[in-house]
Each structure stands twice: as structure tokens, then as C-alpha cells.
Amino acid sequence: MLCKRRTLLAGAAAGLTAAMLDTRFAFAADPTGTRDVFVLLSLRGGFDGLSAIVPAADPDYYTLRPTIGVPQKQLLGGDGFFGLHPALAPLLPYWQAGTFAAVQAAGQPTPNRSHFAAMEELERAAPGTSIRTGWLDRVLGGFGSPGGFGGVSVGSALPARVLAGDAPHLGVASIDGFKLDGDVDGRPLAATMAKMYQGAPDALAANTGRMLGALGTAKQLQTAGYPAGVTYPATDLGNALKDVARLVKANVGLRTATLDCGDWDMHEDLGTAVSGKRYYDHLSALASALAAFAADLGPDGMRRVTLVTISEFGRRAGQNGSGGLDHGYGNAMLLLGGNVKGGKVYGRWPGLAASQLIDGDLAVTTDYRAVIAEVLRVRCGLGNTSAVFPGVAGSALGLVSA
């Protein structure tokens, strides 16, 4: 299945562990509704940004990719240098409307071509320090550590590693399946727990109350149902994005959501830019899910959301002998939201000439953390982004409007 989620544990009980154990934070919503919900989409496996956001005017692009380079005549939304892969057609209206953008040649400070090590550094985002928490956990701490549905990992039964730390957060495989293991009709485990913790010390009672409150909110959402305004693709990513849209529109205090889309590790048979080929179909599925998410939220909902993609690394500049791409370095990040200054590609292009590559890879000219820091500061109301990304200032690319 396209865009598979990481299956860790069934049931919501495991995902509630952090919320149950943390004893320091209280719920802190956004009472004015003026801050964006930050949605993080991890494209796991090493996304090929050079195929998605094509540097068609770079003379070395087609030399490096003689059989898998995307022909100029097939590109969409061109700006004279870059063009969009034709599989991104579902997102073209948002590009043209100025709510979909990209940053090219983005990535981590230093090359790292190991999936495990690169993902660990990507989600810790504090190289050269002893910090071991996930950077999205530090974001939640900067927001006052909102409880309940303030920080959610959607599509997995456990919160993502980027949320590792003390701030309360939930791992939700799905809204409709969100309940305590063992809490079945006739045997309400949640009610039993509420009685058990009556009169308990404040630390225990507060965390139990937070957990039960999240379950109560989920029950209300389940009872109300969700007639989405659009048809989402029947993929794990489509289902997860529908749940994120559901939480945004329900005004349950969501501040951050994180979800995954995997299977981007295409070492062979990446294929040409036509339907039925591996990369085309996978990118089309991603674009269709994102377009459904944007259409479901509508203009008003999109003005409350900024979605950003990350990946552990890009792919090599040149194709390999198997018609695929090995692990690389520089990459493209995608941004979607009502306040994104879209319709353009941001970042300084380093070039694809042999002398401009980093050991055969696209160089990184924009730190991915700076991109995220700009969004968090300008759109999400996080004043001190240096506490999230030590030593990194937000970018001055002007990606989003204030």
C-alpha cells in the first residue's frame, strides 16, 4: 500500500503513555485561534526532490539523468528555471493560487546517508549538543506543553520519535479507533480508572484526567462522525490527513500534528514521468492526498494550517545503473498552507556541475531547521525558536506571510 505508516503497537493505550506519565504541564490551547496548526509530514526513505521540483534550466540535470530526467515539456507551473513533476498535478491549483511552494537544496548541516542515523539526527535536530529530545517535543514545550490533542502523531499507535520528551502528546492510529485497550462495551475501563484515581495525589490525578479528557473528546468526535467534504485517497496517508483535518475543524486545541509517508527509497526502476511508473504513482498518491486535505479544510481552514515536508536525505544527482537513485544529500521541502507565499521555489540553487556537487550529491544551501523555524515563528507564535533548534536562526526567505 502506498504511503505506509509505521505499525508499532495496536490500540491507543501505548500512545497515551507520555500523557499519563508527565506531571509538569497543563493544557494550553490557542484561545484566540490566530496561530497556525503546524503539520509535519515525514517522507521516509529519502525523497527525490530533484524529480519533484525539477531544475530543468540547469544544463547538467539531463546529463546526470539521461533516462529518468523529467522532460521539460511535461513540467507544470514553471518559473523559467524550475518546474513541477507532472504527478503533482493535483497540487497545481494551489501552486497557481499561491498556497503551495517549495524550498530546493535544503537539508541537514552535514551529509549522512544512513537511514537510521540520518532520521535520528533529523528528528533530534541538535547536532553537537547533548540534547536527546525530539524537536517537535521542544516545540510543544515552547507552546506551554498543551495537553489533550495539542500534539498528536497520527497514523501510528505510538508517537513519533520527533515527539520524544516530556511534553504531553498522543499517538493516534485513527480517531475512530481511539480508545483504551480493554475498554469495550459493558466494561468501560476508562470509567474504572476514573474511580481508581479519585482522591489520588494531584500529579497522578491531573495526568489521569488529561488522558480521560482526550478519550472523552475522541468519543464525542466518534459520535458526531465526520462527513468529509471531499473524497480522500484510500491510503494510509489519505486516512491520516483526513483525521488531521477533522481535528483542525473540530477546534480541539490542536497545535502540532505529525504523520508519515514512506517507501521513497527507490534504488532501482524509479521510472519515467508517466502513470504506471514507480515514482510517478507514489508522487501522485502524495499529491492527491495533500490536495484532498486542502480541499477538505477549504480556504478558511487552510488559513489556520501550515504543512511542511521533511526527509532524512535526498537522492544522488545522477542515476545509477539500475535506473534508480542511491542515497544523497540536498533535497526539496514542500510547503502547503493558506499563508504560504506559494507559486515559487525558494532557496539558493548551488548547481549540478561536478565541481558544485558534494561527493556527487546536490549541495545544501538552506538548513531544513531554518525553514521550520521561520514557519514556527511567523505563523505559529513561537518566539524562541533557538530553544528548539540550538544555534539556528529562522530563515529570511519570506516563505509565509505574517
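User: At what angle do helix α9 and helix α10 pack?

Analyst: This is a predicted model, in which local features need pLDDT of at least 70, side-chain atom pairs count only at pLDDT 80 or more, and totals for chains, interfaces and linings use all residues. Residues are numbered from 1 along each chain as its sequence is written, and side-chain values use heavy atoms, without hydrogens and water. Helices (H or I, at least four residues) and strands (E, at least two) are DSSP runs, numbered from the N terminus. Helix α9 covers residues 236–250 and helix α10 residues 278–302; their axes lie 9 Å apart, and the packing angle is about 20 degrees.

User: Is α9 roughly parallel or antiparallel to α10?

Analyst: The two helices pack at an angle of about 20 degrees. Angles under 35 degrees count as roughly parallel, over 145 as roughly antiparallel, 65 to 115 as roughly perpendicular and the rest as oblique. The arrangement of α9 and α10 is therefore roughly parallel.

User: How many aromatic pairs are there?

Analyst: Rings of Phe, Tyr and Trp (its six-membered ring) pair if their centres lie within 6.5 Å; planes under 30 degrees apart count as stacked, over 60 as edge-to-face and the rest as tilted. Under this rule, the number of aromatic pairs is 11.

User: What type of pair do the rings of Phe81 and Trp349 form?

Analyst: The ring centres of Phe81 and Trp349 are 6.1 Å apart. Their planes stand at 65 degrees, so the pair is edge-to-face.

User: How many residues apart are Phe81 and Trp349?

Analyst: Phe81 is in the loop between α3 (61–64) and β3 (83–84), while Trp349 is in the loop between β10 (345–346) and β11 (366–367). This pair links distant parts of the chain, and the separation in residues is 268.

User: Is Phe81 buried, exposed or partly exposed?

Analyst: Buried means under 20% relative accessible area, exposed over 50%, and partly exposed in between (1.4 Å probe, protein chains only). The relative accessibility of Phe81 is 27%, so this residue counts as partly exposed.

User: What type of pair do the rings of Trp135 and Phe389 form?

Analyst: The centres of the Trp135 and Phe389 rings lie 5.4 Å apart. The planes are at 50 degrees, so the pair is tilted.

User: How far apart in sequence are the parts that Trp135 and Phe389 tie together?

Analyst: Trp135 belongs to helix α6 (residues 135–142), and Phe389 to the segment after α11 (368–378). Trp135 is buried at a relative accessible area of 0%, and Phe389 is also buried, at 0%.

User: How many salt bridges does a search of the whole structure find?

Analyst: A salt bridge is a side-chain nitrogen of Lys or Arg within 4 Å of a carboxyl oxygen of Asp or Glu. With this criterion, the search of the whole structure gives a count of 15.

User: How many residues apart in sequence are the parts that Arg379 and Asp36 tie together?

Analyst: The side chains of Arg379 and Asp36 meet in a salt bridge with an N to O distance of 2.9 Å. Arg379 lies in the segment after α11, and Asp36 in the loop between α1 (17–21) and β1 (37–43). Arg379 counts as buried at 9% relative accessibility, and Asp36 is buried at 1%. The sequence separation, in residues, is 343.

User: At what N to O distance do Asp361 and Arg113 meet in a salt bridge?

Analyst: Asp361 is buried, with a relative accessible area of 0%, whereas Arg113 counts as partly exposed at 28%. Their side chains meet in a salt bridge whose N to O distance is 2.4 Å.

User: Which residues are linked with Arg161 in a network of salt bridges?

Analyst: Arg161 forms a salt bridge with Glu123, the closest N and O atoms being 3.1 Å apart. Arg161 counts as partly exposed at 33% relative accessibility, whereas Glu123 counts as buried at 2%. The residues linked with Arg161 in the network are Glu123, Arg44 and Asp260.

User: What is the phi of Ala125?

Analyst: Ala125 is placed in the loop between α5 and α6 and is buried, with a relative accessible area of 0%. Although Ala125 is not a glycine, its phi is positive, at about 60 degrees.

User: Is Asp359 buried or exposed?

Analyst: Asp359 lies in the loop between β10 and β11, and its phi has a positive value near 50 degrees. The relative accessible area of Asp359 is 58%, so this residue is exposed.

Key. Axes fitted to C-alpha atoms, helices over the stretch in contact; angles between N-to-C directions.
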